[in-house]
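User: I am new to this structure and would like to learn how to read its features. Can we take them one at a time?

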Amino acid sequence: MLALLSRLRGIPDCLLCNGAGDGSLPICHACENELPWLGAHCDICAVPLPERGLVCGQCLRRPPAFARVEAPWRYGFPVDGLITRFKHQARWPLGRLLADLLAQHLQHAYSEGLPKPDLLVPVPLSRKRLRERSFNQAEMLSGWLAHSLNLAHDTRWLLRPQDTAHQQDLDAVARQRNLRRAFALSSRAQVQGRHLALVDDVLTTGATAEAIARLLRKAGAERVDIYCLARTPKPGEH
Ligand SMILES: [Zn+2]
Ligand SMILES: [Zn+2]
């Protein structure tokens, strides 16, 4: 009944519980409150930490090439499942909802002083993965964010010239070597002096983000931020 009433008023139903929505986005307040909001995290890489305003040991020892990771959620229930359904079952409305909530998170961060980037660039997918999936989820997120935040985005600056081995199968050193070779800049990329934000769905080890941020900084980018939906805790933590 409630769902019917809100539909009549043009308010979309909640995509998570199918109940009545109560805002402009297809999610109800109860479901939104239960999302795994990130909480206290490293000021640079956004890894969950017990207290606010700290930088994690890893970022202190080896400051990354990116300035900041912005992520609204920890990678946990139900966001993990929502991202999987968006990515592997092509559930666009779920992806769109997550992108809109990320846009709200970023809008808030801008109002608190986070500098706005000149351009959004999605992490490119390998050709093999693109064939399997037929779309790049990072590119779709970046497009939706660009639209909501009124930012430019370019899907052709970053290239993935060769298909690299699955990262999961490699040790840490081989991973880094593998990643350094995986990405390249297209000749159309005008990186010099620009502030760029790299868009991906989930930040796990941060190695991909670091490899691309380093490539962009080397080419003259003034600052690189990372925008993603969810951040995984350090292995073994919750
Ligand atoms: Zn709901
Ligand atoms: Zn950190």
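User: Where is the place of Pro-78?

Analyst: This is a predicted model. Pro-78 sits in the loop between β2 (73–74) and α4 (79–88).

User: What is the peptide bond from Phe-77 to Pro-78, cis or trans?

Analyst: Start with the general idea: most peptide bonds are trans. The bond from Phe-77 to Pro-78 is cis, with omega near -5°.

User: What is phi of Asn-150, and where is Asn-150 found?

Analyst: Phi of Asn-150 is near 60°, a positive value. Asn-150 is in the loop between α7 (137–149) and β4. With 7 other C-beta atoms within 10 Å, Asn-150 is exposed.

User: In which sense do β3 and β4 pair?

Analyst: Strand β3 (residues 119–122) and strand β4 (residues 152–153) pair in the parallel sense, over two bridges. Leu-119 has Ala-152 as its bridge partner in β4. Strand β3 also runs parallel to β7 (residues 195–203), joined by four bridges; there, Val-121 is partnered by Leu-198.

User: How is the chain divided into domains?

Analyst: Domain 1 covers 1–34 and domain 2 covers 67–231. Their centres, taken over C-alpha atoms, are 29 Å apart.

Note on methods. Residues numbered from 1 in each chain as written. Chains lettered and ligands numbered in written order. Predicted model: local features only at pLDDT ≥ 70, side-chain atom pairs only at ≥ 80, totals over all residues. Pairing = 2+ DSSP bridges. Domains from an automatic or database assignment. Buried ≥ 20, exposed ≤ 12 C-beta atoms within 10 Å, placed from the backbone.
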